[in-house]
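Student: I would like to learn how to read charged pairs and domain contacts in a model. Can we work through one?

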Amino acid sequence: GQVLQKLWEKLSNNKLNVPEVTQSAEGQRQKLSVVLNAVNHTLGYHHNTPKWTVESIHTKNIVSILHLLVALVRHYRAPIRLPDNVFVTVVMVQKLNGKLTSQRFQEQITQSYDDVGMRCEPDAFDTLFDHAPDKLKVVQRSLISFVNKHLNKLNFEAADLNTDFKDGVFLCLLMGLLGGFFVPLHDFHLTPKDADQMTHNVAFAFELMMDQGLRPKARPEDIVNMDLKSTLRVLYTLFTKYRNNP
C-alpha cells in the first residue's frame, strides 16, 4: 500500500498516519486497509461496493488494480485520455475433485465517457486561474451577482461559489428559475445527507441543463468535490444563456 498511499497523499493533499515500511504480510494488509479506506472515502464509496478489496490489491489482482487506477484517474481528472470500452479477458481456474477447471469471462475496465473529465485543452478559466487572479475575482463577483439575482426570488442567497453549489440544491432551483419551470422537490434531495445524494442532485441539475440545450462543462463529482474551476464553468454556461433574463 505504500505506492497507493503516496499517490493518494499527493493527489488529496492529505497525510495518512501509517508506518512507512511494513515487513510482515499482516502488517502490509493492515496498512493497505487504512490506505484503501481513505481512498474509497475520497472516491465516494460510502454505500456502494468498489470493484477492489484489500485482499485483491494485496494479492496483485491486476483487474482490481486497473479498476482502482481508472477510478482515481476519473476522479482527479488526470490530463490523459483513457480509451473507451476497454475489456480484458479473465480466466478463473479452480481445482475440483483433483481436476483443474477454467472459466473465461470479459471484464469491462473503461466505459464511454461523455464528459470533459478527461479534458486536456486549456480554456479561458485555466488562463484566469494561472495568470489573471484579479480578473478571476471580477468574474466571480459577476457570477455570484447573477445567481443571487434569481435565487433571491426564493429568498435564497449564495455567498461562496465554491461551497454553496456543491450539494446541487442551488443548481436545481436555479435551473427552474432560469428555465421558467417548476422543479418537483421529490426529484432531488433538498437537504442532502451525504456525497451520494449531493452527486444525485448535481447530476439531476445537469440533466435539466441538457434539456435546455446546454452542455455542462464538468462532471457532477467535480462540483461535489468543490472544484472551483468546474463550478465556474457550469455557472458561466448558465450566465451566457440567461444573463438577459429578468
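Student: How many salt bridges does the rule count here?

Tutor: This is a predicted model. The rule looks for a side-chain nitrogen of Lys or Arg within 4 Å of a carboxyl oxygen of Asp or Glu. By that rule the count is three salt bridges.

Student: Which residue does Lys15 meet in a salt bridge?

Tutor: Lys15 pairs with Glu9, at 3.8 Å from N to O. Lys15 has 62% relative accessibility and counts as exposed, whereas Glu9, at 9%, counts as buried.

Student: What does the salt bridge of Arg29 and Glu55 tie together?

Tutor: Start with the distance: their side chains meet at 3.1 Å, N to O. Arg29 lies in helix α2 (residues 25–43) and Glu55 in helix α3 (residues 54–58), so the pair links parts 26 residues apart in sequence. Arg29 is partly exposed, at 26% relative accessible area, and Glu55 is partly exposed at 41%.

Student: Are Asp222 and Arg219 buried or exposed?

Tutor: Both are buried. Their side chains form a salt bridge at 3.0 Å, N to O.

Student: How is the chain divided into domains?

Tutor: Domain 1 covers 1–79 and domain 2 covers 124–243. Seven residues from domain 1 and nine from domain 2 make the contact. The two domains bury about 650 Å² between them, with 31% of it on carbon and sulfur atoms.

Student: How many salt bridges cross the interface of domain 1 and domain 2?

Tutor: The rule finds zero there. Between the two domains, three residue pairs are in polar contact. The side of domain 1 that touches domain 2 has one nonpolar, four polar and two charged residues.

Note on methods. Residues are numbered from 1 along each chain as its sequence is written. This is a predicted model: local features need pLDDT of at least 70, side-chain atom pairs count only at pLDDT 80 or more; totals for chains, interfaces and linings use all residues. Side-chain values use heavy atoms; hydrogens and water are left out. Domain bounds come from an automatic or database domain assignment. Contact means heavy atoms within 4.5 Å. Buried area is the accessible area (1.4 Å probe) that two parts lose on being put together, summed over both. A polar contact is a pair of N or O atoms within 3.5 Å; within protein, one must be able to donate a hydrogen and the other to accept it, and residues adjacent in sequence count only if both atoms are side-chain atoms. Ala, Val, Leu, Ile, Met, Phe, Trp, Tyr, Cys and Pro count as nonpolar, Asp, Glu, Lys and Arg as charged, and the others, Gly among them, as polar. Buried means under 20% relative accessible area, exposed over 50%, partly exposed in between (1.4 Å probe, protein chains only). Helices (H or I, at least four residues) and strands (E, at least two) are DSSP runs, numbered from the N terminus.
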